[in-house]
Each structure stands twice: as C-alpha cells, then as structure tokens.
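I opened this model to look up its fold, its charges and a handful of individual residues. The entries below follow the order in which I went through them.

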Amino acid sequence: MDDHRWMRRAIDLAGRCPSSTSAFSVGAVIVDATGNELASGWSRDSDPQVHAEESALLRVAGRTGLRTATMYSTLEPCSKRASRPHATCAGLIIAAGIPRVVIAWREPDLFVTCEGVALLIAAGIEVIELSEHAAAARAANTHLNL
C-alpha cells in the first residue's frame, strides 16, 4: 500500500468540505488490498451532518473487500458525536470489519474528547498515524482557528 499517496488523496478531499464553525473538515478514502479505491467521502458532502468516514462507508455498502481494506482519514475517527450519537465513525469502521486505519492527526479536544484510536485498537484494528501529513490535514480546518 502506498499510504502517503492515499493520505494525500484524503487531504485533497478534505479541501472540498463546506466550512462549518462546529465541525472539522475531513477527507476519507477506502482502499482494497490490491490498491484500488473502493469509495471516498468528505465531511458534509451529502448532508450537513455526514462525516467523511461515514460517507465513504455509505458508498461502499454491500461491496466485498472491506475485511482486507484500509481506511484513510485525515482526522482520527470520532468516538463521540452530538448529531448521530449511535453512529460514530470509529463504531462504523469496527462494524464494517475494516482491519487497518491510517490517520494524519488525532482529533483535538475542541468539540469532544475523542477516543477513536483507542477504540479501534481495542477492537483489534491496526492504526497508523502519518504525522508528517498532519499540517496539510489541519490546513483544511483553518476556519476553526486551531
């Protein structure tokens, strides 16, 4: 897998997010074991409440290959969510059976305290943090004055 290539793709997607003063701008890509993109999404791409990981998972629903796929997300998948408390991104990834998640940066404690990485690891999911992409991922969030 070319983790850096796919993270750059996710960062590009994060740049498409409509700004929101109450939410991060995030991009996500799901890639199968052979290096093919299965689906992608970004925050607020289909409705004002949808998260990037959730959007990508909705687009790949019913397809095979998730049990060997990698989810790339510019931000740590959420573990708490005001808009859809029973549909956190970490929970959706676990339920989908995706065994590997690559992130650019961990969610700051701006809106909630996120424990997405800890939940994924506890579920047996491999989590890789590509901190060298954190600045580029944060750049899509200048509207939040981080």
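**Charges.** For the charge count I took Lys and Arg as positive and Asp and Glu as negative, leaving out His and the chain ends, and I placed each charge at NZ of Lys, CZ of Arg, CG of Asp or CD of Glu. On that basis the protein chain has 14 positive and 16 negative side chains, and the centres of the two sets lie 4 Å apart.

**Ground rules.** I noted that this is a predicted model, in which local features need pLDDT of at least 70 and side-chain atom pairs count only at pLDDT 80 or more, while totals for chains, interfaces and linings use all residues. Residues are numbered from 1 along each chain as its sequence is written, and side-chain values use heavy atoms, with hydrogens and water left out.

**Overall fold.** I took helices (H or I, at least four residues) and strands (E, at least two) as DSSP runs numbered from the N terminus. The protein chain then comes to 5 helices and 5 strands, and along the sequence they follow the pattern α-β-β-α-β-α-β-α-β-α. Along the principal axes, the C-alpha atoms fill a box of roughly 40 × 30 × 25 Å.

**Surface and contacts.** Accessible areas come from the Shrake-Rupley method with a 1.4 Å probe, and for residues only the protein chains shown count as cover. The accessible surface of the protein chain is about 6800 Å², of which 51% belongs to carbon and sulfur atoms. I called a residue buried under 20% relative accessible area, exposed over 50% and partly exposed in between (1.4 Å probe, protein chains only); of the 146 residues, 51% count as buried. With contact meaning heavy atoms within 4.5 Å, residues 24 or more positions apart account for 72% of the contacts with a separation of 6 or more.

**Helix α2.** I found α2 (52–60) mostly covered, with 7 of its 9 residues buried, namely A52, E53, E54, S55, A56, L57 and V60. What covers them includes β1 (27–31), β2 (37–42), β3 and α3. I stopped at E53, which lies in this helix and is buried with a relative accessible area of 4%. Leaving aside neighbours within four places in sequence, E53 is in contact with V26, A28, M71, S73, L75, E76, P77, C89 and I93. Just after α2, G62 takes a positive phi of about 85°.

**Helix α3.** Which residues of α3 are buried? In this helix (residues 89–96) I noted C89, A90, I93 and A96 as buried. They sit on the same side of α3, because they cover an arc of only 130° around the axis, the arc being that of the directions from the helix axis to the C-beta atoms. Their cover includes α2, β3 (70–75), β4 (100–105) and α4 (116–122). Just after α3, G97 takes a positive phi of about 85°.

**L120 in α4.** L120 has its place in helix α4 and, at 0% relative accessibility, counts as buried. Apart from neighbours within four places in sequence, L120 is in contact with P77, A90, I93, I94, V101, I125 and V127. I also looked up L120 and I98, which are 22 residues apart along the chain and have C-alpha atoms separated by 9.8 Å.

**R44.** Most residues other than glycine have a negative phi. I therefore marked R44, a residue other than glycine with a positive phi near 65°, found in the loop between β2 and α2 and counted as buried at 13% relative accessibility.
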